[in-house]
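Take a walk through the model below.

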Amino acid sequence: MYHSNIVKKEYIKHSLRSHRARIVVFMIGVTYFVAMTSSIDKAYSDSLNTGLYSSDSSPFGVPYKDWIAKWWDYNVGISAEEHPRDNFSPERCNLDQKQGDSVYYLPDNLGGEEERSCSVPAGKAILAPLISGSCWDDDTDPKLKTEAGLRECSREGQEFGVVSATLDGRQLQNLEQYRATSSLFNMTVAENNAFQSSPGTFPAIADGFFAFLEPLPPGEHTLVLEQSVLNPVQPEYNFASKTTYNLTVEP
(Lines give C-alpha, C1' and ligand atoms only; values in the text may rest on other atoms or scores of the structure.)
Protein backbone atom coordinates (compact mmCIF):
# COMPACT_ATOMS: atom_id res chain seq x y z
CA MET A 1 0.00 0.00 0.00
CA TYR A 2 1.23 3.42 -0.84
CA HIS A 3 0.65 6.53 1.14
CA SER A 4 2.81 9.97 -0.33
CA ASN A 5 -1.06 9.33 0.66
CA ILE A 6 -2.23 6.92 -2.10
CA VAL A 7 -1.85 2.85 -1.09
CA LYS A 8 1.07 2.07 0.90
CA LYS A 9 2.47 5.38 0.53
CA GLU A 10 0.70 8.11 2.21
CA TYR A 11 2.18 11.37 1.21
CA ILE A 12 0.79 13.95 3.43
CA LYS A 13 -0.72 15.27 0.42
CA HIS A 14 -3.06 18.07 1.17
CA SER A 15 -5.43 17.50 -1.71
CA LEU A 16 -5.38 13.87 -2.76
CA ARG A 17 -7.53 11.75 -0.60
CA SER A 18 -8.13 8.92 -3.01
CA HIS A 19 -6.83 5.44 -2.40
CA ARG A 20 -5.30 3.78 -5.37
CA ALA A 21 -2.40 1.46 -4.91
CA ARG A 22 -0.71 4.02 -2.82
CA ILE A 23 -1.60 6.85 -0.47
CA VAL A 24 -0.49 10.46 -0.83
CA VAL A 25 0.01 12.95 1.96
CA PHE A 26 2.48 15.88 1.66
CA MET A 27 4.81 16.32 -1.27
CA ILE A 28 7.92 18.23 -1.69
CA GLY A 29 10.72 18.12 -4.13
CA VAL A 30 12.89 20.51 -5.99
CA THR A 31 12.37 23.67 -3.99
CA TYR A 32 11.96 23.95 -0.25
CA PHE A 33 11.77 26.81 2.16
CA VAL A 34 11.11 25.99 5.80
CA ALA A 35 11.63 27.78 9.00
CA MET A 36 11.32 27.03 12.66
CA THR A 37 12.74 27.72 16.01
CA SER A 38 12.51 26.59 19.63
CA SER A 39 14.61 25.95 22.67
CA ILE A 40 15.56 23.46 25.36
CA ASP A 41 16.87 19.90 25.19
CA LYS A 42 19.44 19.81 22.41
CA ALA A 43 20.06 16.19 21.44
CA TYR A 44 22.12 17.48 18.55
CA SER A 45 22.97 21.06 17.77
CA ASP A 46 21.54 22.05 14.41
CA SER A 47 23.77 24.39 12.44
CA LEU A 48 21.00 25.57 10.09
CA ASN A 49 18.13 26.40 12.44
CA THR A 50 18.58 26.75 16.17
CA GLY A 51 15.93 24.77 18.01
CA LEU A 52 15.23 22.41 15.14
CA TYR A 53 16.58 18.86 15.34
CA SER A 54 18.86 17.96 12.44
CA SER A 55 18.12 14.84 10.42
CA ASP A 56 21.29 13.13 11.68
CA SER A 57 20.43 13.70 15.34
CA SER A 58 18.94 11.29 17.87
CA PRO A 59 16.33 13.19 19.90
CA PHE A 60 15.81 11.52 23.28
CA GLY A 61 18.19 8.74 22.25
CA VAL A 62 16.09 7.68 19.22
CA PRO A 63 17.45 8.25 15.68
CA TYR A 64 15.60 10.95 13.74
CA LYS A 65 14.55 8.47 11.03
CA ASP A 66 12.89 6.27 13.64
CA TRP A 67 10.76 9.19 14.81
CA ILE A 68 9.41 9.45 11.25
CA ALA A 69 8.35 5.80 11.54
CA LYS A 70 6.73 6.56 14.90
CA TRP A 71 4.79 9.47 13.41
CA TRP A 72 3.47 7.22 10.65
CA ASP A 73 2.45 4.57 13.14
CA TYR A 74 0.52 7.30 14.96
CA ASN A 75 -1.02 8.53 11.69
CA VAL A 76 -2.40 5.17 10.55
CA GLY A 77 -3.35 4.03 14.06
CA ILE A 78 -6.37 6.34 14.45
CA SER A 79 -9.82 5.52 13.09
CA ALA A 80 -11.29 7.65 10.30
CA GLU A 81 -14.09 9.10 12.41
CA GLU A 82 -11.66 10.31 15.07
CA HIS A 83 -8.63 11.26 12.97
CA PRO A 84 -7.64 14.90 13.65
CA ARG A 85 -6.51 15.31 10.06
CA ASP A 86 -10.07 15.26 8.69
CA ASN A 87 -12.07 15.91 11.86
CA PHE A 88 -9.92 18.35 13.74
CA SER A 89 -10.73 19.71 17.17
CA PRO A 90 -8.43 20.85 19.99
CA GLU A 91 -9.43 17.72 21.90
CA ARG A 92 -8.56 15.44 18.97
CA CYS A 93 -5.17 17.09 18.65
CA ASN A 94 -4.33 15.23 21.86
CA LEU A 95 -5.70 11.93 20.59
CA ASP A 96 -3.35 8.96 20.79
CA GLN A 97 -0.44 11.01 22.14
CA LYS A 98 1.35 8.27 24.04
CA GLN A 99 1.65 9.01 27.73
CA GLY A 100 5.26 9.32 28.76
CA ASP A 101 6.46 9.77 25.19
CA SER A 102 8.88 12.64 24.70
CA VAL A 103 7.43 13.84 21.39
CA TYR A 104 4.08 15.42 20.51
CA TYR A 105 2.78 14.58 17.03
CA LEU A 106 0.88 17.08 14.90
CA PRO A 107 -1.55 15.74 12.27
CA ASP A 108 -1.28 16.64 8.59
CA ASN A 109 -3.70 18.67 6.50
CA LEU A 110 -4.79 17.27 3.13
CA GLY A 111 -5.83 20.49 1.47
CA GLY A 112 -6.95 24.06 1.83
CA GLU A 113 -6.34 26.57 4.59
CA GLU A 114 -7.00 25.72 8.20
CA GLU A 115 -6.30 27.13 11.66
CA ARG A 116 -5.85 24.69 14.52
CA SER A 117 -5.23 24.99 18.25
CA CYS A 118 -3.37 22.40 20.31
CA SER A 119 -2.20 22.22 23.94
CA VAL A 120 1.25 20.70 24.24
CA PRO A 121 2.69 19.47 27.56
CA ALA A 122 5.86 21.29 28.60
CA GLY A 123 9.07 19.43 27.89
CA LYS A 124 7.80 17.64 24.78
CA ALA A 125 9.40 18.06 21.38
CA ILE A 126 6.99 18.63 18.46
CA LEU A 127 7.05 16.63 15.24
CA ALA A 128 5.15 18.28 12.38
CA PRO A 129 4.90 16.64 8.94
CA LEU A 130 5.81 18.77 5.93
CA ILE A 131 6.12 16.27 3.12
CA SER A 132 6.20 12.58 3.80
CA GLY A 133 5.36 9.23 2.30
CA SER A 134 5.03 5.72 3.63
CA CYS A 135 4.50 2.39 1.90
CA TRP A 136 3.65 -0.94 3.48
CA ASP A 137 3.21 -4.46 2.23
CA ASP A 138 -0.37 -5.62 2.73
CA ASP A 139 -0.29 -8.05 -0.21
CA THR A 140 -1.84 -5.54 -2.63
CA ASP A 141 1.26 -4.89 -4.74
CA PRO A 142 4.07 -7.37 -5.53
CA LYS A 143 6.50 -4.45 -5.88
CA LEU A 144 6.21 -3.88 -2.14
CA LYS A 145 7.45 -7.34 -1.21
CA THR A 146 11.05 -6.16 -0.96
CA GLU A 147 12.72 -3.53 1.19
CA ALA A 148 14.03 -1.84 -1.96
CA GLY A 149 10.51 -1.68 -3.38
CA LEU A 150 9.11 -0.17 -0.19
CA ARG A 151 11.91 2.38 -0.06
CA GLU A 152 11.42 3.48 -3.67
CA CYS A 153 7.67 3.69 -3.17
CA SER A 154 7.96 5.81 -0.04
CA ARG A 155 9.96 8.46 -1.93
CA GLU A 156 7.65 8.82 -4.94
CA GLY A 157 5.64 11.90 -5.77
CA GLN A 158 7.83 14.47 -4.07
CA GLU A 159 9.00 16.39 -7.13
CA PHE A 160 7.97 19.96 -7.95
CA GLY A 161 7.16 20.78 -4.34
CA VAL A 162 7.44 24.04 -2.44
CA VAL A 163 7.29 24.23 1.35
CA SER A 164 7.56 27.12 3.77
CA ALA A 165 7.08 27.44 7.51
CA THR A 166 7.45 29.95 10.29
CA LEU A 167 7.56 29.62 14.05
CA ASP A 168 6.58 32.72 15.98
CA GLY A 169 7.20 34.79 12.84
CA ARG A 170 10.68 33.45 12.17
CA GLN A 171 11.37 31.59 8.97
CA LEU A 172 13.73 28.65 8.83
CA GLN A 173 16.19 27.66 6.19
CA ASN A 174 17.09 24.82 3.81
CA LEU A 175 14.49 22.20 4.59
CA GLU A 176 15.89 20.01 1.84
CA GLN A 177 18.58 19.06 4.34
CA TYR A 178 15.98 17.68 6.77
CA ARG A 179 14.88 14.72 4.69
CA ALA A 180 15.19 11.24 6.18
CA THR A 181 14.16 7.69 5.31
CA SER A 182 13.25 5.20 8.01
CA SER A 183 14.56 1.70 8.36
CA LEU A 184 12.16 -1.16 7.73
CA PHE A 185 9.62 -1.22 10.58
CA ASN A 186 6.29 -2.82 11.48
CA MET A 187 3.36 -0.46 10.93
CA THR A 188 0.04 -1.16 12.66
CA VAL A 189 -2.96 0.09 10.68
CA ALA A 190 -6.18 0.60 12.65
CA GLU A 191 -9.62 -0.77 11.88
CA ASN A 192 -11.76 1.69 9.90
CA ASN A 193 -8.69 3.84 9.29
CA ALA A 194 -8.60 7.15 7.42
CA PHE A 195 -6.86 5.56 4.43
CA GLN A 196 -9.44 2.87 3.71
CA SER A 197 -6.64 0.37 4.04
CA SER A 198 -6.81 -3.18 5.33
CA PRO A 199 -6.11 -3.24 9.09
CA GLY A 200 -3.19 -5.19 10.46
CA THR A 201 0.53 -4.98 11.08
CA PHE A 202 2.72 -4.79 7.98
CA PRO A 203 6.38 -4.18 7.06
CA ALA A 204 6.77 -0.53 6.05
CA ILE A 205 9.21 2.25 5.20
CA ALA A 206 8.58 5.98 5.61
CA ASP A 207 10.34 8.94 4.04
CA GLY A 208 9.96 12.66 4.15
CA PHE A 209 10.59 16.13 5.45
CA PHE A 210 9.47 17.07 8.94
CA ALA A 211 9.77 20.09 11.18
CA PHE A 212 11.09 18.51 14.37
CA LEU A 213 11.11 21.17 17.07
CA GLU A 214 12.95 20.96 20.34
CA PRO A 215 10.66 21.55 23.36
CA LEU A 216 9.29 25.08 23.33
CA PRO A 217 9.15 27.28 26.45
CA PRO A 218 5.75 27.51 28.17
CA GLY A 219 3.36 29.98 26.62
CA GLU A 220 1.74 30.72 23.26
CA HIS A 221 3.44 29.89 19.97
CA THR A 222 2.37 30.01 16.33
CA LEU A 223 3.58 27.51 13.78
CA VAL A 224 2.57 28.10 10.14
CA LEU A 225 3.13 25.40 7.51
CA GLU A 226 2.53 25.89 3.79
CA GLN A 227 2.91 23.25 1.07
CA SER A 228 2.15 23.01 -2.61
CA VAL A 229 3.00 20.74 -5.53
CA LEU A 230 2.54 21.49 -9.22
CA ASN A 231 3.65 18.35 -11.03
CA PRO A 232 3.20 18.54 -14.83
CA VAL A 233 4.00 14.85 -15.27
CA GLN A 234 1.83 13.38 -12.51
CA PRO A 235 -0.89 15.95 -11.82
CA GLU A 236 -2.61 13.57 -9.40
CA TYR A 237 0.00 14.65 -6.86
CA ASN A 238 -0.85 18.34 -7.10
CA PHE A 239 -2.18 20.15 -4.03
CA ALA A 240 -1.89 23.30 -1.95
CA SER A 241 -2.43 23.79 1.77
CA LYS A 242 -1.73 26.11 4.65
CA THR A 243 -2.05 25.19 8.32
CA THR A 244 -1.69 27.62 11.20
CA TYR A 245 -1.08 25.88 14.52
CA ASN A 246 -1.75 27.94 17.62
CA LEU A 247 0.25 26.02 20.19
CA THR A 248 -0.18 26.48 23.92
CA VAL A 249 2.73 24.94 25.80
CA GLU A 250 1.45 24.19 29.26
CA PRO A 251 3.66 25.03 32.25
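This is a predicted model: local features need pLDDT of at least 70, side-chain atom pairs count only at pLDDT 80 or more; totals for chains, interfaces and linings use all residues.

Residues are numbered from 1 along each chain as its sequence is written, and side-chain values use heavy atoms, with hydrogens and water left out.

Start with the cysteines. A disulfide is a covalent bond between the sulfur atoms of two cysteines. Here the criterion is a pair of cysteine sulfur atoms within 2.5 Å. That rule gives two disulfides. In sequence order, the bonded cysteines pair 1-2, 3-4.

The link of Cys93 and Cys118 is right-handed, at 90° about the S-S bond. Cys93 sits in helix 2 (residues 90-93) and Cys118 in strand 5 (residues 112-121), so the bond ties together parts 25 residues apart in sequence. Helices (H or I, at least four residues) and strands (E, at least two) are DSSP runs, numbered from the N terminus. Cys93 is buried at 0% relative accessibility. Cys118 is buried too, at 2%. Buried means under 20% relative accessible area, exposed over 50%, and partly exposed in between (1.4 Å probe, protein chains only).

The other disulfide joins Cys135 to Cys153, S to S 2.0 Å. It links distant parts of the chain: Cys135 in strand 6 (residues 125-136) and Cys153 in helix 3 (residues 147-154), 18 residues apart. This link of Cys135 and Cys153 is left-handed, with -70° about the S-S bond. Both Cys135 and Cys153 are buried.

Now turn to strand 7 (residues 161-167). Five of its seven residues are buried, so strand 7 is largely enclosed by the rest of the structure. Strands count as paired if DSSP finds at least two bridges between them. Strand 7 pairs with strand 12 in the antiparallel sense over seven bridges. Leu167 has Leu223 of strand 12 as its bridge partner. Strand 7 also pairs with strand 8 (residues 170-171), antiparallel, over two bridges. There, Thr166 stands opposite Gln171. Strands 7 and 8 form a hairpin with two residues between them, and Asp168 in the turn has a positive phi of about 50°.

Which strand holds Glu226? Glu226 belongs to strand 12 (residues 219-229). Glu226 is partly exposed, with a relative accessible area of 34%. Leaving aside residues up to four places away in sequence, Glu226 touches Val162, Val163, Ser164, Ser241 and Lys242. Contact means heavy atoms within 4.5 Å. Asn109 is 117 residues from Glu226 along the chain, yet their C-alpha atoms are separated by 9.9 Å.
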